[in-house]
Every structure is written in C-alpha cells, then in structure tokens.
Amino acid sequence: MSKTVSFTQMKDGTREDYEMLERLEKPFLQLTAERVLEELRRQEHITLEGYKVTRLEHALQSATRAERDGADSDWIVAALLHDIGDGLAPQNHDRMSAEVIRPFVRWDVAWVVEHHGIFQMLYYGHHYNWDRNARDRYRDHPCFDSCATFCERWDQSSFDPEYDSQPLGHFEPMVRDVFARKAYAADVVREGYVSPMVAA
C-alpha cells in the first residue's frame, strides 16, 4: 500500500487518501504529550531575561503552587504550561499556550490561560504607563475570578529561586494523562461549567 497521497492539491484528495492520512497521523497525535514535555525540558536552559529563574522553574513553581492548593490535574497542567508559547509567540504567548491545552482541558481552564496575560498587567502595567486594570473589560465574565486567582496565587508569585518546587518528573504522568484524553470531548471540555480551583 502506498504511503503517500495521490494528490498535490488537497482539493483533489480521495477518501482513501484521507483515510490513510488519518491512520498515519494517529501515532503523531499520541506523542503530543512527549513534544510538550520536551519543550518544557528545553526551557530549563532559558533564563527569563532579567529574572532570577528559568522559564522551566517558573512553570514548575506555578504548577507546584497549584498542586499544593489542592487543584485538580486540569489546573495543575494549565499552571505548568501557561507560558509554553512564550518562546515562539512572546507577544501573544497566553493565547498560544491556551491553544496547546484547549482540546484536552475544561473550557474555563483554557480561558484562564488565554487571558492571563492581560490579568497579569495588574501587577506591572502602571510602570509602563499602561492600563493596569485592563482586565476589567472581563469583569462580567464567569471566569474573571478564576483568572484573577490563577494570576495572584500561581503565576505572579512564581519567580522565587528559593521556592521548593517539584521537579518536572513529578508532573510528567499528569501531563501524559491530560493529553491522552480524546480531543474536544464534551465530558472533558464541559462548556459553560466554571470549576473550583481548589479541593472543596
């Protein structure tokens, strides 16, 4: 059986072409978690310019804080990966990071990651003469409080070189479990449900 498609333009593809591509894509999709973890490992060697910690350490501190607060795996993985897009898309890393996790976590978790950048401006925007309260445009959104809490408890506080964060290996099984879910499954996404951030 041929391992390449018959077409040179997608519009000319046959059902057989696309069924073959679907089969061949499955192993690649199954390795998504490994590619994400590899990107995190790479960030161990990238210091946030001017900061006291590496990008990986910031991610680990955020995830560790989430876990210690009793958050579930969606929130912990979100905290770990909330800046994963920073290397390729520093001007919109929040949105890129959200797209990485969106198929596999609850909608409110993805929303928080997508908007955490504007919420973080509360802490520093005034130093650049920016509107530090720009997040207020989302004041009536059901995820406003979640995003504010995410930023306050897990993100803005995670630049401490003395913090005893868990190593990446601690979170690897959780990342694999989350990315093993069926993409966009309704029982995972739970559109409209705003989940608790900590254990009841």
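## Terms and model

A pocket, as the word is used here, is an open set of grid points with protein on both sides within 12 Å along at least five of seven lines, and its lining residues have an atom within 4 Å of a point. The structure described is a predicted model. Rolling a probe the size of a water molecule over the atoms shows where empty space is left.

## Second largest pocket

Three helices, α1 (15-30), α2 (32-42) and α8 (168-179), each supply at least two residues of the lining of the second largest pocket. The space in this second largest pocket amounts to about 330 Å³. Its lining comprises 14 residues, and those closest to the centre are L29, Q30, T32, F104 and F179. By class, the lining of the second largest pocket consists of seven nonpolar, two polar and five charged residues.

## Largest pocket

The largest pocket holds about 840 Å³ of space. It is lined by 27 residues, and Y51, H93, G117, Q120 and Y124 lie nearest its centre.

At least two lining residues come from each of the helices α3, α5 (93-101) and α6 (107-124). Helix α6 provides the largest share of this lining, with nine residues. In composition, the lining of the largest pocket divides into 10 nonpolar, nine polar and eight charged residues.

One cavity of 30 Å³ or more is found when the whole structure is searched. The volume of the largest cavity is about 70 Å³. Its lining is formed by L40, Q43, L48, R55, H58, A59, L80, H82, D83, I84 and D86.

Helix α3 (residues 55-68) contributes three residues, the largest share of the lining of the largest cavity. Five nonpolar, three polar and three charged residues make up this lining.

Note on methods: Residues numbered from 1 in each chain as written. Predicted model: local features only at pLDDT ≥ 70, side-chain atom pairs only at ≥ 80, totals over all residues. Heavy atoms only, no water. 1 Å grid on protein atoms, 1.4 Å probe; cavity = no way out; pocket = protein on both sides within 12 Å on 5 of 7 lines; lining within 4 Å. Points joined across faces, edges and corners; volume = space filled by probe spheres on them. Helix = DSSP H or I, 4+ residues; strand = E, 2+ residues; numbered from the N terminus. Nonpolar A, V, L, I, M, F, W, Y, C, P; charged D, E, K, R; others polar.
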